[in-house]
Amino acid sequence: MGLLLNRFFAYQPASQENSFWVFHKYNTSLMGHQLGLDFYYFSSSPKETQPLLEDFLNSKLVTSAQAITLQNFFQSEGLGILIIDREAPYSQIEFDPQYLILRNNPPINLERILATYSPKQIIADGSNSPWFIEKWEQTWLEKGYNFYATHARGALKITP
């Protein structure tokens with residue numbers, strides 16, 4: 001009976017979950033959105049990130065996992081995320097993201113981004129080279145922004 005109650009109380013918060021994850025895997029991107037018991041993820045290298053993804057899913061109460069195509073922005077109840085990528089040209093999007101994710105060493109103009117958006121946190125994932133990350137971190141911190149690099153601090157969970 002105690003095990004059933006434990007499972008019930010663990011299941012309740014998981015069914016209410018709304019979080020976005022930025023994982024760290026060297027030279028690749030892995031991001032996901034947990035919405036209730038469902039998990040939607042993007043991987044730039046599925047074969048390389050499969051063990052990491054399986055470990056994560058085994059640690060969570062998730063009933064389904066589905067691969068999706070990465071878009072330049074993500075919006076869900078209370079979460080606004082802009083993803084700037086070298087492979088997908090940067091263009092202004094008509095919303096104010098709270099988070100900015102940099103992937104694949106994008107050539108960015110810091111002043112232009114700050115003139116358009118006021119993110120509360122900038123995130124660099126594992127697909128960026130350490131040289132770019134060091135340069136960005138120094139610049140963003142000088143400007144007073146919160147910078148998070150997954151290569152130094154590990155995965156990041158973003159919640160509304």
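W21, F23, F39, Y41 and F56 form a single aromatic cluster. Rings here are those of Phe, Tyr and Trp (its six-membered ring), and they pair if their centres lie within 6.5 Å; planes under 30 degrees apart are stacked, over 60 edge-to-face, and the rest tilted. By this rule you get 10 aromatic pairs. This is a predicted model, where local features need pLDDT of at least 70 and side-chain atom pairs count only at pLDDT 80 or more, while totals for chains, interfaces and linings use all residues. Residue numbers run from 1 along each chain as its sequence is written, and side-chain values use heavy atoms, with hydrogens and water left out.

Two of the pairs look like this:

| Pair | Centre to centre | Angle between planes | Class |
|---|---|---|---|
| W21 and F56 | 4.9 Å | 65 degrees | edge-to-face |
| F39 and Y41 | 6.4 Å | 20 degrees | stacked |

W21 sits in strand β1 (residues 18-22) and F56 in helix α2 (residues 46-59), so their pair ties together parts 35 residues apart in sequence. Helices (H or I, at least four residues) and strands (E, at least two) are DSSP runs, numbered from the N terminus.

How buried are these rings? Buried means under 20% relative accessible area, exposed over 50%, and partly exposed in between (1.4 Å probe, protein chains only). W21 counts as buried at 14%, and F56 does too at 8%. F39 is buried at 0%, and Y41 is buried at 16%.

Now for the cores, meaning sets of buried Ala, Val, Leu, Ile, Met, Phe, Trp, Tyr and Cys residues joined through side-chain atoms within 4.5 Å. The largest has 19 residues, and L100, L102, I122, W136, W140 and F147 have the most contacts inside it. At least two residues each come from β6 (79-85), β7 (99-103), α3 (110-116), β8 (121-124), α4 (130-142) and β9 (146-149). The largest share, four residues, comes from α4. Apart from this core lies another, of 13 residues, among them L79, I81, Y99 and I101.

What does W140 touch, not counting residues up to four places away in sequence? With contact meaning heavy atoms within 4.5 Å, its partners are L100, L102, I108, L110, I113, L114, I122, Y145 and F147.

Leaving aside neighbours within four places in sequence, S76 is in contact with N18 and H33. The side chains of S76 and N18 are joined by a polar contact of 3.5 Å (a pair of N or O atoms within 3.5 Å; within protein, one must be able to donate a hydrogen and the other to accept it, and residues adjacent in sequence count only if both atoms are side-chain atoms).
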